[in-house]
Amino acid sequence: MNWIYRGRAHKFGDNVPLDDGFIPFRLAIGRVTDPDKLIPHLFEDVRPGFATRAKAGDVVVGGADFASGKPHAQGFIALQAMGIGVICQNMPYNSLRAGVSSGLAFMTGCDGVADMFDDGDEIQVDFATGRVQNLTSGKTRDYTPLDQSLRDIIATGGSKGLLRKWWAGQSAAQTVGEAR
Amino acid sequence: MGQTAIEKHLARASGLDAVVPGDIVHPDPELVIVHDGYIAAAHRELGQLGIDRVFDPERVMFVTDHDVIHATPLAAERARQNRRVAQEWGITKFYDVGQGGQGHIFPMEEGIVRPGMFLLCYDMHCTNFGAVGALALRTGSEIITVLAQGTIWVQVPHTIRIELSGRFAPGVMARDLGFRLAADFAGGLYGAYDYRAIEFHGPALADLPVAERIALCNTLTEIGLCASYFAPDDQTARWYADRGIAGGSTVTADADAKYEQTLSIDLSGLEPQAVLPGGETTVPLAQTDLGRAIDHAYLGSCGSGTFDDLLVAADILRGKSVAPGTRFLITPGSTATIARMEREGLGDIFRKAGAILLPAGCGPCAGGTMGPLGPGETSICTAAVNNFGRMGSKDADIFLASPATVAASAVAGVISDPRSINGKG
């Protein structure tokens, strides 16, 4: 997995909830998980047109209490599918879990990161080392990346990717055992 | 450096000497509990990945509490799927309809959950188990990882220490303290609370029975705390001894444990509380709509379904009647509590008063699958949450309060202060 994202910064403020912030609640409660059905609705309540403007390599930059509320992963699933990363000042623990589970490249606990950017600035984030760069202004800051064990899960595509890989290993081990 | 009891639990379950907040660990649960609403879904999700078994059928338990009367044909079909899954996976700890009861209560009554245990559970109110000195963490839909692999990543939380002193005034219960604390945390009075664990300490614990501890652990859950914990003591020993159950181990904090913060609360100053409809605001009962007519009252749920809770209500209802125009639904937490209730005469008190006894389980709080509210109706109850639409119509108002307040209100037919009637709270 390529952990370095380079593109445009999409700057959001504090307290952007997952439900009716990242994506309409009706898609979460409808348990829609197909990225193609989710992507057109990304941030439609708070930033109409996001899905048509954003592209792979871009990074969503959030403030405090970002991705709050019930940890519905639909918004993360759509961002992951588009190849867009997330950095923010902080998000609730259950949202962090949903991010890992969705295989999203993201960092949280980045104090003051939203102040580094104006919307549309050129951004580069290395999610493996924690380095965040504003290529427009030249500002650089180093934050703590997600724990290696969590990045390993993200690299397999999230919790289901991890399970799939683990089960393939189990099945292979069993086949070897039977062959003996 | 010393460890909190929460840290010790996680270290022990993860095969480590010590952990600190922020560490990522993979703890090994003694037991994994899945509720009826997610059994078939978990089976389907794992099946889609080709996974056809669970890590250890002996360490997996299925409970049936959200939909215990199969109120719709769809519910009956789902229950049939649950039975099929239990059989296919070889789950012996399968509690079907009519068995066990509310899955966050009866395991402590039957000794399935004992002090010192570490559990991973589907449903968030597994936090109840902190009342007996067990630690249970909620996984939600990630339970499928646990079912397959027997573990999942967990971040070690920060621990907040709360010292309790004094005694509740008559008519005040642990549910009231839980409502107040949850509101004050959510309101920012105490700083960060997301994914924090709470350990209760202090002289008040000597007089705080396990039933009240369950109510307290339960009520603090919804705001996003991950656990509440009471180290096993004489009250815990009494709870199990009363049920003829022995065993368990004791996990306590080190004297030099490092807490994120320590709060001190004097119980004697607390008044009965009410959570206003929608769940955003909690006020002392005296400042709420006292005298407002109610259509529906309901006692039970994972926070207030122990025998002790029913006893408080029975003392208030004895020799009285539920007010005309009010329906009072009572959901005991377990089949064992129903049996004891009948043995000790509480069933008669409730029936004579005109209350409606529902089967053991979650009751109306589980999405209003039974005993729901109609448009424009008002309820006062001990449910876990009261967002609009939780128990039927979105146009109904649900107040949350303690068992004493709910029972007093059911008798009066209006929201009432339990201190104003002749009953002990």
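The contact between the chains takes 13 residues from chain B and 13 residues from chain A, two residues being in contact if their C-beta atoms, placed from the backbone, lie within 7 Å. On the side of chain B that touches chain A, α5(B) supplies the largest share, three residues. By class, that side of chain B has six nonpolar, five polar and two charged residues. Ala, Val, Leu, Ile, Met, Phe, Trp, Tyr, Cys and Pro count here as nonpolar, Asp, Glu, Lys and Arg as charged, and the others, Gly among them, as polar.

This is a predicted model, in which local features need pLDDT of at least 70 and side-chain atom pairs count only at pLDDT 80 or more, while totals for chains, interfaces and linings use all residues. Residues are numbered from 1 along each chain as its sequence is written, and chains are lettered from A and ligands numbered from 1 in the order in which they are written.

**Chain A overall**
- Chain A has seven helices and seven strands; helices (H or I, at least four residues) and strands (E, at least two) are DSSP runs, numbered from the N terminus.
- The radius of gyration of chain A, taken over C-alpha atoms, is 17 Å, close to the 16 Å that the globule rule gives for 180 residues, so chain A is as compact as a globular protein of that length. The globule rule is 2.2 Å times the number of residues to the power 0.38.
- The C-alpha trace of chain A spans about 60 × 35 × 25 Å along its principal axes.

**Sheet of chain A**
- An open sheet of seven strands has the order β4-β3-β2-β1-β5-β6-β7 in chain A, with mixed pairing; two strands pair if DSSP finds at least two bridges between them.
- At the edges stand β4 (106–107) and β7 (140–142) of chain A, each with a single partner strand, so one side of each is left without a neighbour in the sheet.
- Strands β5 (residues 122–126) and β6 (residues 131–134) of chain A run antiparallel and are joined by four bridges. D126(A) stands opposite R131(A) in β6(A).

**Helix α2 of chain B**
- I39(B), A42(B), H43(B) and L46(B) are buried in helix α2 (residues 39–48) of chain B. A residue is buried if 20 or more other C-beta atoms lie within 10 Å of its own, exposed if 12 or fewer, and partly exposed in between, with C-beta atoms placed from the backbone.
- The buried residues of α2(B) pack against β2 (31–35), β3 (60–63), α3 (73–89) and α5 (143–149) of chain B.
- Exposed residues R44(B) and Q48(B) lie on the face of α2(B) turned away from its buried side.
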